[in-house]
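Have the structure open and follow along.

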Amino acid sequence: MSLPRTPSQTVGPYYAIGLSRKPQNELVARNAPGATMLIGQLIDGQGAPISDGMIEAWDAGGKRWGRSGTDADGRFSFVVAKPDAQPGQAPRLDVLVFARGLLRHELTRVYFPDEADANAADPVLSALDEPDRATLVAEQEDGALRWDIRTQGDRATVFFTH
Amino acid sequence: MAQTEESPIVLPDDPDFGPEVQVDYPGYRSTRWRVPKRPLVTIPEEFHDLAGPVFGHEEIEEHDGDLTRQHEGAPLGERIVVTGRVLDEDGRPIRNTLVEIWQANAAGRYRHQVDQHPAPLDPNFSGAGRCLTDDHGRYRFVTIKPGSYPWGNHENAWRPMHIHFSLFGPEFTRRLVTQMYFPGDPLFEFDPIFHAVRDPKARELLISRFDLDTTQPEWALGYQWDIVLGRGASGTTPMENL
């Protein structure tokens with residue numbers, strides 16, 4: 001027996017009334033050990049901010065989840081702690097991107113800038129060419145982690161099948 | 001707004017797409033600068049995670065499942081019951097999974113600052129609900145039937161009546177966000193979002209079914225809509241991994 005899957009449809013521009021009723025962007029408490037801000041912008045193929053996007057972040061090892069809408073400047077923010085690495089892999093967060101214009105959400109990952117050795121050995125990251133690899137590694141900026149998501153263009157973020 | 005695109009708003013049916021939505025569907029203009037243009041990268045199967053966030057009953061507040069009882073008065077519009085089962089592809093129920101919905105009010109207006117459609121807001125309707133599926137994978141909402149509304153995608157563009165659904169399922173990679181439609185909507189044939197699902201059989205899966213048994217006498221019309229989550233990136237269901 002195999003049932004046909006229900007197709008995907010866009011989250012549309014008004015998801016916030018259903019999916020962002022209260023802040024849900026803290027994967028860990030702000031005062032938790034190792035807590036840091038992960039901030040970034042969601043940017044379209046014209047370099048314009050996507051102001052009606054929604055980002056979800058998931059730490060599979062620590063079973064921590066969060067959700068952030070994007071603001072007028074396309075900005076999202078999370079409070080995260082670096083997850084424990086799984087054997088042979090670098091620590092990372094899985095990330096889903098939802099927006100008007102995306103008929104199906106996109107899957108990507110964010111890695112940590114202070115894990116150069118683990119990142120170099122990570123089987124998924126190391127399989128990418130350097131410019132693509134860089135799109136998945138956050139940068140240190142003013143005591144926070146900075147990671148932008150570009151849906152299109154020369155520096156487009158790597159997205160994965162799902 | 002004049003239609004200047006060369007491609008038609010609605011493309012012919014193409015059953016080869018199956019359940020996949022055409023993500024770069026040209027008739028839906030917002031796809032143009034937003035949908036990734038490069039091929040997606042495949043993660044080797046051994047590096048997939050089979051876990052996803054789990055939400056408990058503490059996430060659900062009173063009246064989250066009844067959108068007609070979230071304010072002092074009753075919302076205007078046609079009261080309806082929307083219920084169905086969340087299943088995997090083998091027909092097994094997906095239990096205790098979070099289902100979130102949001103929708104326009106009966107006049108076709110969302111309670112959202114960006115929505116400037118000149119239709120009235122309803123002080124007694126927020127348009128958002130959530131619930132967990134039960135042991136049979138069943139969800140249930142009481143709400144009002146949403147109105148159609150214009151959306152500016154092309155000349156005289158109107159969305160068919162729909163309720164937005166967000167589901168988690170057992171793995172983060174099996175997450176689904178979609179829209180539920182109502183049977184017999186005359187706007188189906190003009191809607192590029194609906195038709196971005198190119199296979200007509202797959203489009204049918206987005207349409208709820210009127211059900212007299214679900215209908216509550218003297219109270220609310222009933223609609224049934226089952227949701228089937230795919231196998232996710234792992235290509236298997238958790239049972240098969242045992």
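Before we talk about bridge partners, a quick word on pairing: two strands count as paired if DSSP finds at least two bridges between them. Keep in mind, too, that this is a predicted model.

Start with chain B, where four strands make up an open sheet in the order β3-β2-β7-β8, with antiparallel pairing. What stands at the edges of this sheet? That's β3 (128-132) and β8 (176-181) of chain B; each has a single partner strand, so one side of each is left without a neighbour in the sheet.

Strand β7 of chain B, residues 162-167, runs antiparallel to β8(B), and six bridges join the two.

How many bridges link β1 of chain A to β4 of chain A? There are six, in the antiparallel sense, with β4 covering residues 75-80. Within this pairing, A:Gly40 sits opposite A:Phe76 of β4(A).

β1(A) also has parallel pairings. With strand β8 of chain A (residues 144-146), β1(A) pairs in the parallel sense over two bridges, and here A:Ile39 faces A:Arg146 in β8(A). Strand β9 of chain A, residues 149-150, likewise pairs with β1(A) in the parallel sense, over two bridges; this time A:Leu42 stands opposite A:Ile149 in β9(A).

Terms used: Residues numbered from 1 in each chain as written. Chains lettered and ligands numbered in written order. Predicted model: local features only at pLDDT ≥ 70, side-chain atom pairs only at ≥ 80, totals over all residues.
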